[in-house]
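Dear colleague,

I am passing a structure on to you, and you will find it just below.

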Amino acid sequence: MQTHLREPWWIGEVEVPTRVVLAPMAGVSVQAFRRQGRRFGAGLVCSEMVSCAGIEHRNERTLDYLRVGRDEHPLAIQIFGAEPRVMAEAARMVEAAGADIVDMNFGCPVRKVTKTGAGAHLLEDPALACRIVADVAAAVSVPVTVKMRRGVADGSRTCLELGPRFVEEGAASLTLHPRSARQMYTGYADHSLTAELVELVDVPVVASGDVTSRAKAEAVIDATGAAAVMVGRGAQGNPWALREILDGDATEPSREEVAAELIVFIRETVRELGERRASGFLKKFYSWYLGYGRFPKPFKQELVQIHDTEDVVTRLLAAAPGAAELVARLEAERPDPAGEILLDQLPISIYGGG
Ligand SMILES: Cc1cc2nc3c(=O)[nH]c(=O)nc-3n(C[C@H](O)[C@H](O)[C@H](O)COP(=O)(O)O)c2cc1C
């Protein structure tokens, strides 16, 4: 293994302290997720995709708006849209809100997004995609990056054609999720394409797709020459995966640790989304988290039935009384929310993906 996963690297002038990037995931990458990712060693965290449509017409159904906290940096904020001028304006707003990097989504395969010409659809319209990259790069002084799929159709190699062009237009890094848009999340990420892309460009490439362990992270970096790996589904309800990837520490989290992380996650998410939205939103996280910590099976089902999130917290503390002290410590370390910036011109899309 040539590259140590705790070595820093750079996107433009932004120093990224480790080689693990936490993936943008719509409906998952809330602030609590990004903060937790940073605490567990992710060198860079990314917001889920925010919609440029919010700038011009504010009628899009949204989940929420993005909050940026002081402890999230370096933070990439991902924008999506299909109009260069609007994307450039969104990039300026995102930079003003404190993004260290502006990332563009050229990978979302969800029809609601691609039918507007955005997401993975842009891989079918190279001229427009290049103009978006050029205009966004010209609009801001922070580095701009592109996250893409291999192409739209199965077996597509479009990413290899477009990647170098995006770099020419000003992209300071490329993230490749080498599945086709049509594949959604089936099959596997073909990182032989990532290796080819690395050969073609002189900017850092981030390898996204199916990295869930240290062994896989090392294998992907060795085989591709990528600057870093991105971890998505492997970190859902499982920040310990980041610890294992970075340090090889495969210690199972204790029940107290799992309960404490989940409680902090619940409370932060309620603060961010409000109780009404958070109580539904969090249910998938209960299932994810309680896969760890050896909780009795019926406990999981029980939590999902509870509506009030503080009742969930009470149940977790009853099942793992030692968690209270850990929660107090984690909450004491959290910075004052007063310094946060709310990006309320750019709604988070509920249709996301990549
Ligand atoms: C629920 C979910 C939501 C996602 N949302 C986004 C998104 O908003 N923007 C994006 O670029 N990719 C998105 N992705 C793709 C991931 O960032 C990542 O590229 C993909 O999941 C492959 O990595 P993994 O195997 O580590 O999960 C999403 C993936 C999932 C599973």
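**Helix packing, core and aromatic rings**

In this predicted model, the axes of helix α3 (residues 84-96) and helix α5 (residues 126-139) come within 8 Å of each other and cross at roughly 35 degrees, and the crossing of the two is right-handed. On the α3 side the contact is made by P84, M87, A88, A91, R92 and E95, and on the α5 side by L128, R131, I132, D135, V136 and A139. Sorted by class, this contact of α3 with α5 has 8 nonpolar and 4 charged residues, with no polar ones.

The largest nonpolar core has 116 residues, and those with the most contacts inside it are I79, M104, F106, M148, F166, L174 and L316. Helix α10 (residues 255-273) gives the most to this core, contributing 9 residues. Leaving aside residues up to four places away in sequence, M104 touches, among others, M87, I132 and V136.

As for the aromatic rings, the count comes to 9 pairs. The rings of F40 and W240 have centres 6.0 Å apart and planes at 80 degrees, over the 60 that is required, so this pair is edge-to-face. Because F40 lies in the loop between α1 and β4 while W240 is in helix α9, the pair ties together parts that are 200 residues apart in sequence. F40 is buried, at 11% relative accessible area, and W240 is likewise buried, at 4%. Both belong to one aromatic cluster, which also includes F265, F281 and F285.

With best wishes

Conventions:
Residues numbered from 1 in each chain as written. Predicted model: local features only at pLDDT ≥ 70, side-chain atom pairs only at ≥ 80, totals over all residues. Heavy atoms only, no water. Axes fitted to C-alpha atoms, helices over the stretch in contact; angles between N-to-C directions. Helix = DSSP H or I, 4+ residues; strand = E, 2+ residues; numbered from the N terminus. Left-handed = near helix turned anticlockwise from the far one by under 90°. Contact = heavy atoms within 4.5 Å. Nonpolar A, V, L, I, M, F, W, Y, C, P; charged D, E, K, R; others polar. Core = buried A, V, L, I, M, F, W, Y, C linked by side-chain atoms within 4.5 Å. Buried < 20%, exposed > 50% of the residue type's maximum accessible area, 1.4 Å probe, protein only. Phe/Tyr/Trp six-rings, centres within 6.5 Å; stacked < 30°, edge-to-face > 60°.
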